[in-house]
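Colleague: I would like to go through this model with you and ask what stands behind the labels. Please show it first.

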Amino acid sequence: MISIAKTSSELTLSDRWDHVVARLGVNRMGHRVEPGLYSLGEPDNGSPVFVTANYTLSFDALRSSLSGISCYILVIDTRGINVWCAAGKGTFGTEELIRRIGVTGLAGVVSHRKLILPQLGAPGVAAFEVRKRSGFQVEYGPVRAADIPEYMKGHKATKEMRNVRFSLADRLVLVPVEVNHLLLPMIIAAIAAYLAGGITFAGALVSAMLAGVVLFPALLPWLPTKDFSTKGLILGLLVWIPFGWLALNDASILQLWQRGAYVLVYLLAMPAITSYLALNFTGSTPFTSRTGVKREISTYIPVMAGMVTISVIIVVILVFVKLMGWS
């Protein structure tokens, strides 16, 4: 017997609360809907079939945009990951789509053989293979679910519908998640930095981290260079300037060589930390590729690790000198 769950285009208070919690990064992998076939409105065997991920924000964005459209929604198991990221990881992919078509008995529900997929899912799906093995033709809808009603009038996407936008609002909405996951490590690191070098040292560390998860998303389009790692290095250098100036002019540090050592520590550690966190942000953007990210990791991670290692060695020397009373 074919099982079809019923859904609605109306979002409840519970749905909206789930969105808030998801945006804050709480229970990050727990925002899922059950994979399967859903009906919206009063669909018949000629109604369109939309495909989406089983991440609640993806599912809700789709169904809430389909008000007044009777259709089916085929939810594939992406393990609670959004369409674009799941396409990159392979979970929004050819095999899972074909499997879900079979499991749900979709061929017996609709008389046509057409699936409408989100454009951002294209990297994970081989349309030719889907048609060959399931009989269903893949059609790519617009980038944003909000454009679907207009798209359905003629099944033609305008240039604007195909344009992948990543606006300031899109970037800033990701900041709470990044901050939430960084908060505990940042507090621990700040305490250790304070014990090793005082309040300015702790402030420099926190500033470098916040630059990577708050300033970087906000300033992303305006930072020069193509690679996220070098963008982060440049931003880290900008954040370093006031702390380098403070260290160089710190009257409480009597020895000039020690001031220079602190300047060097900030110069090495701050850009490296900001750059690392900036590199992590590649997974949140719609215009990076797995090959590009892998290249950045292999190229820049050793450099970042080397910079941090040298800075830690210098800090250990400074602390030892202080403990020995040689300053």
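Predicted model: local features only at pLDDT ≥ 70, side-chain atom pairs only at ≥ 80, totals over all residues.

Colleague: Which residues of helix α4 are called buried?

Modeller: In α4, residues 94-104, they are Thr94, Glu96, Leu97, Ile98, Arg100, Ile101 and Thr104. Buried means under 20% relative accessible area. These residues pack against the strands β2 (36-40), β3 (49-53), β4 (71-76) and β5 (114-117), and against helix α5 (127-134).

Colleague: How many helices and strands does the chain have?

Modeller: The chain has 13 helices and six strands.

Colleague: Why is the chain called more spread out than a compact globule?

Modeller: The globule rule gives 20 Å for 327 residues, and the radius of gyration is 25 Å, well over that value, so the chain is more spread out than a compact globule. The box filled by its C-alpha atoms, taken along the principal axes, is roughly 85 × 35 × 30 Å.

Colleague: What share of the residues is buried, and what share of the contacts joins residues 24 or more positions apart?

Modeller: Buried residues are 48% of the 327. Among contacts with a separation of 6 or more, 70% are between residues 24 or more positions apart.

Colleague: What does the surface consist of, and how many charged side chains are there?

Modeller: The accessible surface is about 16,600 Å², and carbon and sulfur atoms account for 64% of it. There are 29 positive and 20 negative side chains, with the centres of the two sets 6 Å apart.

Colleague: Why is Glu178 called buried?

Modeller: Its relative accessible area is 17%, and buried means under 20%, so Glu178 is buried. Glu178 is in helix α9, residues 175-197. Leaving aside residues up to four places away in sequence, Glu178 touches Arg28, Val213 and Ser284.

Colleague: What makes a group of residues a nonpolar core, and how many residues has the largest one?

Modeller: The members must be buried residues of the nonpolar kinds, joined through side-chain atoms within 4.5 Å. The largest core has 43 residues, and Met209, Phe216, Tyr266, Met270 and Phe281 have the most contacts inside it. At least two residues of this core come from each of α9, α10 (199-219), α11 (228-248), α12 (256-280) and α13 (290-324). Helix α12 gives the most, twelve residues.

Colleague: What does Tyr266 touch, beyond residues up to four places away in sequence?

Modeller: Tyr266 touches Thr200, Phe201, Ala204, Trp240, Phe243, Gly244, Ala247 and Pro271. A second, separate core has 26 residues, including Val51, Ile76, Trp84 and Val110.

Colleague: Leu66 is in a loop. How do you know whether Leu66 is buried or exposed?

Modeller: Its relative accessibility is 0%. The cut-off for buried is under 20%, so Leu66 counts as buried. The loop runs between α2 (56-64) and β4. Beyond residues up to four places away in sequence, Leu66 touches Ser9, Leu40, Phe50, Cys71, Ile73 and Ile148. Leu66 and Gly80 are 14 residues apart in sequence, with their C-alpha atoms 21 Å apart.

Colleague: What makes Leu172 partly exposed?

Modeller: Leu172 has a relative accessible area of 39%. Leu172 is in helix α8, residues 168-172.

Colleague: Why is Ala305 called partly exposed?

Modeller: The relative accessibility of Ala305 is 39%, which is between the two limits, so Ala305 counts as partly exposed. Ala305 is in helix α13. Its C-alpha atom is 15 Å from that of Asn280, 25 residues apart along the chain.

Methods. Residues numbered from 1 in each chain as written. Heavy atoms only, no water. Helix = DSSP H or I, 4+ residues; strand = E, 2+ residues; numbered from the N terminus. Rg over C-alpha atoms; globule rule 2.2 N^0.38 Å. Buried < 20%, exposed > 50% of the residue type's maximum accessible area, 1.4 Å probe, protein only. Contact = heavy atoms within 4.5 Å. Areas by Shrake-Rupley, 256 points an atom, 1.4 Å probe, with all protein chains shown as cover. Lys, Arg positive; Asp, Glu negative; His and termini not counted. Charge placed at Lys NZ, Arg CZ, Asp CG, Glu CD.
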